[in-house]
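The following exercises concern one protein chain. Please work through each task before reading its solution.

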Amino acid sequence: MRADAQLASGKPEAALASVTAGLKAVEKTGGAPLEAELHRVKGEALLAGAGTLSEAETAIEQAIAVASRQNAKSWELRCAMSLARLRRQQGRPQEAAARLAPIYAWFTEGFDTADLKEAKALLNQLTEPAIAAEG
């Protein structure tokens, strides 16, 4: 939570330091329910200026792998949204949509939650150019 707040206040280096401390604790305990979220926030901090695009992509991919391994679909959705935004920024909207869509489709309820609303809006943004090109 501290890292998220630091990131929101424009302090990506501080957020990265907080995430690093959290990940060290995860290593000592052998895993934690928030491990995927820590890797996602690490990726976001790297994107915000504390690292490179490649490092950010690697951290977010690792977050998705952890969430998938833990069968933590809500965390996986958040991670997939981060990756989709990164890929859209890279000019790869089709890849972004292809990665996000199956995770979003897994959900059968809760569509009024903030994360699912955000995921749906992001998917719509990613697929609109493709729909316009077909039409």
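**Exercise 1.** State which residues of α4 are buried, and what covers them.

*Solution.* The buried residues of α4 are Ala56, Glu57, Ala59, Ile60, Ala63, Ile64, Val66 and Ala67. This model is a predicted one. The cover over these buried residues includes α3 (35-50), α5 (73-89) and α6 (93-106).

**Exercise 2.** Describe how α3 and α4 are arranged relative to each other.

*Solution.* Step 1: two packed helices are described by the angle between their axes and the distance between the axes. Step 2: the axes of α3 and α4 cross at roughly 165° and come within 8 Å. Step 3: angles over 145 degrees count as roughly antiparallel, and therefore α3 is roughly antiparallel to α4. Step 4: the crossing in which α3 passes α4 is left-handed. Step 5: by class, this contact of α3 with α4 has 10 nonpolar, 3 polar and 5 charged residues. On the α3 side the residues include Glu35, Ala36, His39 and Leu47; on the α4 side they include Leu53, Ala56, Ile60 and Arg69.

**Exercise 3.** Decide whether leucine 47 is buried, partly exposed or exposed, and list its contacts.

*Solution.* Step 1: leucine 47 belongs to helix α3. Step 3: leaving aside residues up to four places away in sequence, leucine 47 touches Leu53, Ala56, Ile60, Leu86 and Gln89. Step 4: proline 12 is 35 residues from leucine 47 along the chain, and their C-alpha atoms are separated by 8.5 Å.

**Exercise 4.** Is glutamate 76 buried or exposed, and which residues does it touch?

*Solution.* Step 1: glutamate 76 is located in helix α5. Step 2: its relative accessibility is 7%; because buried means under 20%, glutamate 76 counts as buried. Step 3: residues up to four places away in sequence not being counted, glutamate 76 touches Ile64, Ala67, Ser68 and Ile103.

Methods
Residues numbered from 1 in each chain as written. Predicted model: local features only at pLDDT ≥ 70, side-chain atom pairs only at ≥ 80, totals over all residues. Heavy atoms only, no water. Buried < 20%, exposed > 50% of the residue type's maximum accessible area, 1.4 Å probe, protein only. Helix = DSSP H or I, 4+ residues; strand = E, 2+ residues; numbered from the N terminus. Contact = heavy atoms within 4.5 Å. Axes fitted to C-alpha atoms, helices over the stretch in contact; angles between N-to-C directions. Parallel < 35°, antiparallel > 145°, perpendicular 65-115°, else oblique. Left-handed = near helix turned anticlockwise from the far one by under 90°. Nonpolar A, V, L, I, M, F, W, Y, C, P; charged D, E, K, R; others polar.
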